[in-house]
Amino acid sequence: MKFENKICVVTGGANGIGRCVAEAFLDEGASVAVFDTDGVSGEKLAFKYGERLLFFKGSIAEKPALERFARSVLERFGQVDCLVNNACISKKGLLSGCSYEDFVETLRIGVAAPYYLTLLFKDRFSKGASVVNISSTRQMMSQPDTESYSAAKGGIGALTHALCVSLSGKVRVNAVSPGWIDTGAYQHEDEYAPVYSAADEAQHPAGRVGRPSDIAAMVLYLCGEEAGFIDGQNIVVDGGMTRRMIYHGDDGWTLK
Ligand SMILES: NC(=O)c1ccc[n+]([C@@H]2O[C@H](COP(=O)([O-])OP(=O)(O)OC[C@H]3O[C@@H](n4cnc5c(N)ncnc54)[C@H](O)[C@@H]3O)[C@@H](O)[C@H]2O)c1
């Protein structure tokens, strides 16, 4: 197994993409530390994986919680091989009047926490360790009213190349920018059924909406030895959506 005896940390690992990433590492033999506000989903994971899963309930927006989390990871496992900064939120933007406090909270979760966790683990990363930051295609394009989230995603993108250079020769640091990923199967799996249309799928050059496993596969690849010469990059995983150029009148699309 590719990650046997490795220690992987995943923020926001109780649901969605983060849970898929955490379970992919566990399936490859790793031990995983998950930091998440959702105690119910986190405890379920801890029950399922036992010794190999450390669940820490709390918010990465809180500095003391980040410090307690880092301490528990290091006390239990001693080192970190992979850090996946995945958790983020959106508080919308200008058009809906996102407040100063909400904007700053988004940046605390989306940018300051990834920075601070990297600092807290700086001297305990193993040889060949990797940090993967989850950004978004929204770091380079926007819908209206998305300033808090877009700024957080731009921030984590820039943080990625800065950390790559500061940690040069010690830790590789890359970002993954997902496009539309349908996380329903990792939220409320019992009653889940996809709700998107055939057009939603066909608009992607790849012909479908993304799955959490598309992102997990890239994260594990970037953390593996085969990716040893990939550093400081932002890898877009979006089914080609950001490569489709659309003008008014194209493919039946009109600007209203
Ligand atoms: N789903 C998509 O289409 C998509 C697209 C582009 C980027 N992303 C990015 O991928 C990452 C995961 O997205 P997702 O759709 O799986 O999200 P999600 O909302 O489904 O899951 C996020 C997880 O983070 C946890 N979380 C939220 N705030 C937290 C906090 N303050 N502290 C600790 N944990 C917290 C939540 O409880 C949840 O378990 C995010 O960074 C998101 O911005 C997602």
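**Helix 1.** I looked up burial in helix 1 and found Gly16, Ile17, Gly18, Arg19, Cys20, Val21, Ala22, Glu23, Ala24 and Phe25 buried. I call a residue buried if 20 or more other C-beta atoms lie within 10 Å of its own, exposed if 12 or fewer, and partly exposed in between, with C-beta atoms placed from the backbone. That makes ten of the twelve residues of helix 1, so I noted the helix as mostly covered. Helices (H or I, at least four residues) and strands (E, at least two) are DSSP runs, numbered from the N terminus.

The model is predicted: I used local features only at pLDDT of at least 70 and side-chain atom pairs only at pLDDT 80 or more, while totals for chains, interfaces and linings use all residues. Residues are numbered from 1 along each chain as its sequence is written.

I checked the span of helix 1 next: 17 Å from its first C-alpha to its last, close to the 16 Å expected at 1.5 Å a residue. The expected span is 1.5 Å times one less than the number of residues. Just after the helix, glycine 29 has a positive phi of about 95 degrees.

**Ligand shell.** I asked which residues come nearest to the ligand. A residue counts as near if its C-beta atom, placed from the backbone, lies within 6 Å. Helix 1 (16-27) and strand 2 (31-36) each supply at least two shell residues; the largest share, three residues, comes from helix 1. I sorted the shell into 13 nonpolar, ten polar and two charged residues. Here Ala, Val, Leu, Ile, Met, Phe, Trp, Tyr, Cys and Pro are nonpolar, Asp, Glu, Lys and Arg charged, and the others, Gly among them, polar.

**Core.** I found 60 residues in the largest nonpolar core, where Cys8, Val21, Val34, Val84 and Val219 have the most contacts. Such a core is a set of buried Ala, Val, Leu, Ile, Met, Phe, Trp, Tyr and Cys residues joined through C-beta atoms within 7 Å. Helix 7 (residues 212-223) gives the most to this core, seven residues. Apart from neighbours within four places in sequence, valine 219 contacts Val21, Val84, Val132 and Val176; contact means C-beta atoms, placed from the backbone, within 7 Å.

**Whole chain.** I counted seven helices and seven strands, in the order β-α-β-α-β-α-β-α-β-α-β-α-α-β. Of the 256 residues, 41% count as buried.

How values were computed:
Contact = placed C-beta atoms within 7 Å.
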